[in-house]
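Okay, everyone, thanks for coming.

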Amino acid sequence: MLTKIANSGVDSRVVVWIKEFLLGRMKRVRVGGQLSAEVRVTSGVPQGSVLGPLLFLAYANDIWRNMESTIRLFADDCVIYTKIINNADMKKLQKDLGRLGEWVVGNAMKINPSKSKAIRFTRPGVKDPLNFSLLGTLIPEASSSKYLGITLRSNLNWADQVNYTVKKAWKPLHFTMRILKKGNSNTKSLAYMSIVRPILEYGAACWDPYREGQISALDRVQKKAAKFAHYTNSPNWETLASCRKSSRIYALFKAYSGERAWKPIGDRLQ
């Protein structure tokens with residue numbers, strides 16, 4: 001880790017500071033009123049430290065090197081994907097998985113292949129099984145997978161995402177209704193907008209159901225909250241459908257105006 005940080009161009013004084021932060025640490029355990037003997041810590045970073053996640057990112061930041069496929073990193077989430085037209089494309093992706101395995105071994109890291117998933121987004125007629133492996137273990141194929149809180153289904157249907165969102169939103173709403181049963185309308189409205197509605201809007205630029213049943217399932221949550229907060233079904237709240245539309249427009253504008261994260265989309269829009 002120290003070598004990687006030093007090679008990244010960080011000021012040498014910062015490297016020394018990080019070295020002092022990591023090395024020479026001792027640990028002991030308290031059980032009741034008794035303390036164990038001290039043991040020297042020879043690996044890892046202090047758990048719960050502010051610097052810990054940043055050091056992890058610095059350690060894993062070179063995982064993309066020599067990859068032909070696209071790789072996305074967010075904290076400890078790693079996604080590799082590519083467009084597959086023929087067998088050569090499949091071999092290229094498997095080769096990149098092999099490189100990932102080599103990086104894992106070379107950096108003393110661990111990736112559990114059984115907790116990984118292989119998923120494809122294609123027409124329903126494609127039935128050939130996916131035979132990708134990591135570290136000699138077959139990666140199980142799945143029809144859906146959750147990535148950064150969004151459930152992606154192979155046919156790009158949003159039923160799983162809607163069901164998950166609705167189920168997740170009902171729990172804090174019922175909790176709010178119990179706790180604020182005697183609260184005034186403003187307090188109830190603020191609680192809904194702060195705790196429940198962000199769940200219903202999360203990632204809405206990516207997903208937006210068109211089926212009436214899925215739209216109604218989402219709207220029922222807001223209608224219940226509206227009745228609780230205002231004792232009427234028509235408070236002055238923006239509809240969830242309108243919020244999702246706004247999210248899409250904001251995302252489109254970011255892509256068109258050249259925001260860094262949206263640049264590939266913006267290039268295609270041009």
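One term before anything else: a residue is called exposed when its relative accessible area is over 50%, buried when under 20%, and partly exposed in between. And keep in mind that this is a predicted model.

Cys206 has 53% relative accessibility, so it goes down as exposed. Cys243, on the other hand, is buried, at 10% relative accessible area. How many disulfides do we get? With a cut-off of 2.5 Å between the sulfur atoms, the count is zero. Cys206 is in no disulfide, and its nearest cysteine sulfur belongs to Cys243, 16 Å away.

On to the inside. In general, nonpolar side chains of soluble globular proteins tend to be buried together. Here, the largest nonpolar core has 23 residues, and the ones with the most contacts inside it are Leu173, Tyr192, Leu200, Leu218 and Val221. Helices H5 (159-179), H6 (185-201) and H7 (212-230) each supply at least two residues of this core. Which helix gives the most? That would be H7, with seven residues.

There's nonpolar surface too. Leu252, Tyr256, Ile265 and Leu269 make a patch of about 400 Å². Helix H8 (240-257) and helix H9 (263-269) each put at least two residues into the patch. Leu269 is one I'd click on: it lies in H9, and with a relative accessible area of 41% it's partly exposed.

Now the charges. Side chains of opposite charge can pair when their charged atoms come close.

Start with Arg13 and Asp11, whose side chains meet at 3.1 Å, N to O. Arg13 is exposed at 65% relative accessible area, whereas Asp11 is partly exposed at 34%.

Next up, Glu68 and Arg99, with the closest N and O atoms 3.7 Å apart. This pair links distant parts of the chain: Glu68 is in the loop between helix H3 (51-60) and strand E5 (70-74), while Arg99 is in helix H4 (residues 87-106), 31 residues apart. Both count as partly exposed, Glu68 at 48% and Arg99 at 23%.

Then there's Asp208 with Arg248, at 2.3 Å, N to O. Asp208 lies in the loop between H6 and H7 and Arg248 in helix H8, so the pair ties together parts that are 40 residues apart in sequence. Asp208 is partly exposed at 25%, and so is Arg248 at 35%.

Strands E9 (residues 144-147) and E10 (residues 150-153) run antiparallel, joined by four bridges. Ser144, for instance, has Arg153 in E10 as its bridge partner. The two strands form a hairpin with two residues between them, and Leu148 in the turn has a positive phi of about 50°.

Last one: is Val15 buried or exposed? At 15% relative accessibility, Val15 counts as buried. You'll find Val15 in helix H2 (residues 12-22), and its C-alpha is 6.9 Å from that of Ile5, 10 residues away along the chain.

That's my tour. Over to you.

Methods. Residues numbered from 1 in each chain as written. Predicted model: local features only at pLDDT ≥ 70, side-chain atom pairs only at ≥ 80, totals over all residues. Heavy atoms only, no water. Patch = residues over 30% accessible without salt bridge, like charges linked within 9 Å, V, L, I, M, F, W, Y side chains within 5 Å. Areas by Shrake-Rupley, 256 points an atom, 1.4 Å probe, with all protein chains shown as cover. Salt bridge = Lys/Arg side-chain N within 4 Å of Asp/Glu carboxyl O. Buried < 20%, exposed > 50% of the residue type's maximum accessible area, 1.4 Å probe, protein only. Pairing = 2+ DSSP bridges. Core = buried A, V, L, I, M, F, W, Y, C linked by side-chain atoms within 4.5 Å.
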